[in-house]
Amino acid sequence: MLLPVIIATFSGFLLIALTFIVGRQRRLADAALVGLLIALFLSLDMAGLGLLERLGLVLWQAPVSQQLPGLLLEVTPFVLFFWVALLLTGVIVVLASRSFLQKTDRNIGEYYGLLLIALVGMMLVAASTDLFVLYLAFEMASLATFALVAFRKRDKRGTEAAMKFFIIGVVSSAIILFGISLIYGVSAHVASQLPPQTGAPAATDLRFLGTTLSLGLAQFEPVIILAVVLLIAGFGFKVATVPFHMWVPDVYDGAPTTVTTFLSTASKIMGFAAMFKIFLIALVGTAGQWTLALGILAIATMTLGNVAALPQKSIKRMLAYSSIAHAGYVLIAVVVGSHSDPAIAAFGLAGGLYHLLVYVFMTGGAFIFVAMTATLLIGERLDDYSGLARRMPLLAFAMMIMLLSLAGIPPLGGFVSKFILFWSAVQAGLVPGSEWMVSLAVAGVLNSALSLFYYARVIKHMYILEGPKEPVKVPTPYSLALWVALIGTIATGVFAFVFIDFVTQAAALFFG
Amino acid sequence: MIVAAPLVAFVIILLTGRWQWQGGAIWTIGAVGLSFVFALGLLIEALLNGAVGGTFPAQEVIWYRWLGTPSSGFVIEFGILIDSLSVVILALVSFLSLLIAIYSVGYMGHEKDKARYYSQIALFVSGMLGAVAANNFLQLLIFWEIMGLCSYLLIGYWYHKPEAAAAAKKAFMVTRVGDVLFLVGVIAVFVIFGTFNILEVSALAPGLPLRMTLIVPLLFFAGAIGKSAQFPLHAWLPDAMEGPTTVSALIHAATMVNAGVYLAARTIPLIVTNVNASLFIAFIGGFTAFFAATMALANHDIKRVLAFSTISQLGYMFLGLGAAGYALNLGLAGAQEGYSAAIFHLANHSFFKALLFLGAGSVIHAVATNDMRKMGGLHKRMRITSLAMLVAALSIAGVPPLSGFWSKEGILAATFAASAGNQLFFWMWLLGILTVFMTAFYMFRLWFMTFWGKPRWENEPRESPRVMTVPLMILAVFAVGSGLVIFPLGGFGNLIYPLVAGAHAEFTAPLDILIRTFAGPNSFLTYISILGVAAGLGWATLIYRMGAISPDSLTAGPGRRALHTLLKRRYYIDDAYDAFGRRFVLGIARLSDWFDRNIVDGLVNLVARLTLWAARGTDLVDRRAVDGVVNSISLRTLRGGRTLRRGQTGQVQTYVAVIVIGAAIVLFLIQIVFPLLGVP
Amino acid sequence: MIPLEWELSLSAILFAIGLYGILVRRNAIIVLMSVEIIINAAILNFVAFSAYTGDVSGQVFALLAIALAAAEAAIGLAVFLVLYGVHHTVNLDKIRILRW
């Protein structure tokens, strides 16, 4: 069942080893790509494609839904969804990196190796069933990304970004660890009070935590609340919610742009996978304590992200703020997912999953576009984009579509996912006791309208303003990556029902 | 097919237009022509079935399921809705678009970058057709936004002119206000009925909860107001005249602005659920008709005059719809008449206003200015254009038996009939009559100033080429003849009425219409309005043709001058909007800047100071604790100490500090604030 | 046996000291050390809870966390080394090209 993870791990190590054999060559990217594509195919196959089975190679019965208790892991549609999303991100980033990394860059093998190892960590986060395992996988991914940001050792901005990312990252993971230690204490105490039984799950099993924490809530409420706050702060850092977001613009701006793409998509997806698992399974019994606070954070996050993006002149920074805003939208899923009505909760979670998938394509694509313009020496600032539509008509069109999707213009993917998210919040608001959740939808709609303004400004620069005229030659890997992103953005919107069916199923199974 | 053809043309031109003859004009013309052929086919079918006995049932063609599963009861299916209303407008829009696209070949002939123009025109046409043919409100909204986008792009076609760019932005922003409300309305309908489908919503509309009956129609109406440039969202249309004249003709006279009327007509089942909603719509319509006409009196830009006139005429249509809705709600007579007259006026207005704009375009093409004071005496030089404009002017003024007369009569009669239910309608009828007078006046002011009097132009104007005059002539025929539709069809009444009441209207013999209009019990109304036309026409002739009254006398005297200035400044509404917009945006920018500077830095400084105190020992703490809070805000300026400036952003630990403070705030919220507020 | 409260108090104090160090000290290496102190506070919690409730997994996790802290320190020091090579300082106040 873990074949995709194994293949990704293997190719990661293989790449590092290959560096010593073939030296620093761009061809290493192809090896990484092959590994990723195989893993992606296998994940898709497990998720319901069932192609191998039809070919006579019966490894599993698609769609796979299986527990691996010995490894404290599970492979369910929910997990497979994240694997697919993460591996897709990997494919896009590797494609773009193939052109982004210059001949002068050293350690290309390590770059891809770290990328793959980070992906493996992220995949394991999604698959874990135990808080400890989740944390270890989370750290595995984090450590790899710390190193990735510092990849360009001679670059002043890159190293500064790495330093900031590292310091804030380790502080957050220390905070998370402290929070986990408190939760562990409560859970272990409650578990020791329970009648002993054989085969009882570990005190930190996520589903078991759901039971123990709600049992212990009356006795240990302050401790649990403190732990929850620490976890919100720690994971809030990863997914960049206000007020834990301040590193995002600096780091996204300073890091190599392909790494930024990776951070803004894969790393964020992992953060949300962890949040879904921890908040909607382990902490769901204590939901009354944190939903409102998280709701406020969600509104603050989307508002601040969009408002701060308005005056930005650097497209990279603008996209960084926009990705903060989008974290706010997905937070709606965490809030609605804690709703007492399981149907509404599953619907909200499905919206969150869907948004993450679309987000891979649209934000990933937009960052890749920025990386491309940087490589081609066009620049990363708004003014540099003037008249770009004449210089690269097809890719500028792709960028426009992705920006429109980010703004939530129908019939693109961004619209569908936002629609489901906001709609789930409205539905939750119709239930007595959680009327305030409607405000999430209202804030989301208003923010989407606001965001159109700065996305449209980029389009205006590309299409309306005059700029240099001479056409530019875009390297094929960039074009490929952008086409993947473009097709994804459009397909998730136009053929929404295919994906919706899958995410709803995944969300329903997630809640068991 | 109707919708898809222009869309395909858009893509083709977008990709290859740069290398084609005339920037790919041929694709646009061909595709729009194809749409027209299909729409015409549908129209003929509808006419055969609906107008002369029998009914033309609404048909839905589903393309595919976009969202949701059938089992969950939550389904959004895209498709098209063909009924008499949409058929009429589809045929109308595709026909006018076709003519204008052909005209563009001449008008835009010497422009650079024509591919952009034609691709956007094609996209616009597909947006408009898609919106009209949409079978659900969501799809309607999508195409509605495409229209808005194209309008924005085309107004700003000459983007290097700052006025054009500003006008484009203004149009976008102002219509957006309406669109957002429209969106809210669509969502509200979805929340209430659980469907976006227009037919289903129409069927369910009588079951609209009572408290929603006012708000929902008005939300939809807000969208219509924005698109159709009604008060108070009218400000963008005159400025939109910065675009090419063909665009003004196509989008801002003949088609897009009608989308608002179409929306109101489409949602009439919702509107009639509340008397006051209809009254409000009629009031806005009547008021705008009057209000815009007054502004047209005092403008010298030929296109702006036409723009105000467009706003005014659209006001008539809303007046008719509102009156119809009102009458329908109370079961009064005149519902059918008002509704069909509004749609009838929509069609007639499209013809003669497109003609006026294209004529104006022809003139502008010849003299290269928009200012009527720099025209004059063009009649001899541009006979075709002049005569075409005359026909259109007579028609819009409402001179019988031209088309404008019949539909305007219908609307005014319906309004008068509705006054049986509410006194207000009588006053709106009076406003309508006043507007008739003013319309005649300003249209002939325009015509005389442009084509008669002393030549005031600088270069030698010449008649436009054939490709431009032929569409003018075709449209002139329609401006004369489209009114005659009233005889076989009762002015669309027979065609469209079933939509409203679900019943088929009785067939009215042509002679009866004549008798009703000129000799019936209420025929004095007709004569009053003809009198108004004659007065306006006569006065304009006196001033601008005979010179019997000096135009300057109109502005002589402080009172009249003040009025003139007020009209010229468009009642200062634009200025107010600009000022508001500027303040608002600047305010937000300032606020965020202030927040950035003061709150974030202040917080950080506070942390920095706290640590400093700890380092300095307790004796200092004592002294500072009193005024420390005050100081901490202005500390930087007070001390200027380098050590204290570490609070600037860009410093990692600031971010960590914010994280810690943020966590503390969350903790504070959960532990203290929520329990205090009684949150579970 | 030492009461659980004492150990928890100690860990809380360690947590506060670590946080203070992170916020106040300007040397990146000392900030890293302060982070380690927070991690140690957490580890102390694990061990204390584990001993108190008789659940072994806490101690296992304490060991893993120590390894993790070592890995973090390794990466961190590498980052700071590179940082020093480029900026010629590890003073966090001096390194701020990236800002609004």
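Student: In this predicted model, how many residues does the largest nonpolar core have, and which of them have the most contacts inside it?

Tutor: The largest nonpolar core comprises 447 residues, and those with the most contacts inside it are A:Y112, A:F276 and A:F279. The element that gives the most to this core is helix 7 of chain A, residues 156-193, with 21 residues.

Student: Which residues does A:Y112 touch, if residues up to four places away in sequence are not counted?

Tutor: With those sequence neighbours left out, A:Y112 touches A:L15, A:L28, A:A29, A:A32, A:V94, A:S97, A:R98 and A:L101.

Student: How should I read chain A as a whole, starting with its secondary structure and what share of its residues is buried?

Tutor: The secondary structure of chain A comes to 19 helices and 2 strands, and of its 512 residues, 69% are buried. For the reach of its contacts, one takes pairs at least 6 apart in sequence, and in chain A 79% of these join residues at least 24 apart. As for the surface, chain A exposes about 15200 Å², with carbon and sulfur atoms supplying 69% of that area.

Student: Which residues form a nonpolar patch on the surface, and which helix gives the most to the patch?

Tutor: The patch is formed by A:F41, A:L44, A:L49, A:L51 and A:L55, which together have about 430 Å² of accessible area. Helix 2 of chain A, residues 27-49, gives the most to the patch, with 3 residues, and A:F41 lies in that helix.

Student: Where is A:R106 found, and what is its relative accessible area?

Tutor: A:R106 is found in the loop between helix 4 (77-100) and helix 5 (108-127) of chain A, and with a relative accessible area of 46%, A:R106 is partly exposed.

Student: Turning to the contact between the chains, how many residues does each chain give, and what area is buried?

Tutor: Chain B gives 40 residues to the contact and chain A gives 46. The area buried between chain B and chain A is about 3900 Å², of which 81% comes from carbon and sulfur atoms, and the count of salt bridges between these two chains is 0.

How values were computed. Residues are numbered from 1 along each chain as its sequence is written. Chains are lettered from A and ligands numbered from 1 in the order in which they are written. This is a predicted model: local features need pLDDT of at least 70, side-chain atom pairs count only at pLDDT 80 or more; totals for chains, interfaces and linings use all residues. Side-chain values use heavy atoms; hydrogens and water are left out. A nonpolar core is a set of buried Ala, Val, Leu, Ile, Met, Phe, Trp, Tyr and Cys residues joined through side-chain atoms within 4.5 Å. Buried means under 20% relative accessible area, exposed over 50%, partly exposed in between (1.4 Å probe, protein chains only). Helices (H or I, at least four residues) and strands (E, at least two) are DSSP runs, numbered from the N terminus. Contact means heavy atoms within 4.5 Å. Patches are made of residues with over 30% relative accessible area and no salt bridge: like charges are joined within 9 Å, nonpolar side chains (Val, Leu, Ile, Met, Phe, Trp, Tyr) within 5 Å. Accessible areas come from the Shrake-Rupley method with a 1.4 Å probe; for residues, only the protein chains shown count as cover. A salt bridge is a side-chain nitrogen of Lys or Arg within 4 Å of a carboxyl oxygen of Asp or Glu. Buried area is the accessible area (1.4 Å probe) that two parts lose on being put together, summed over both.
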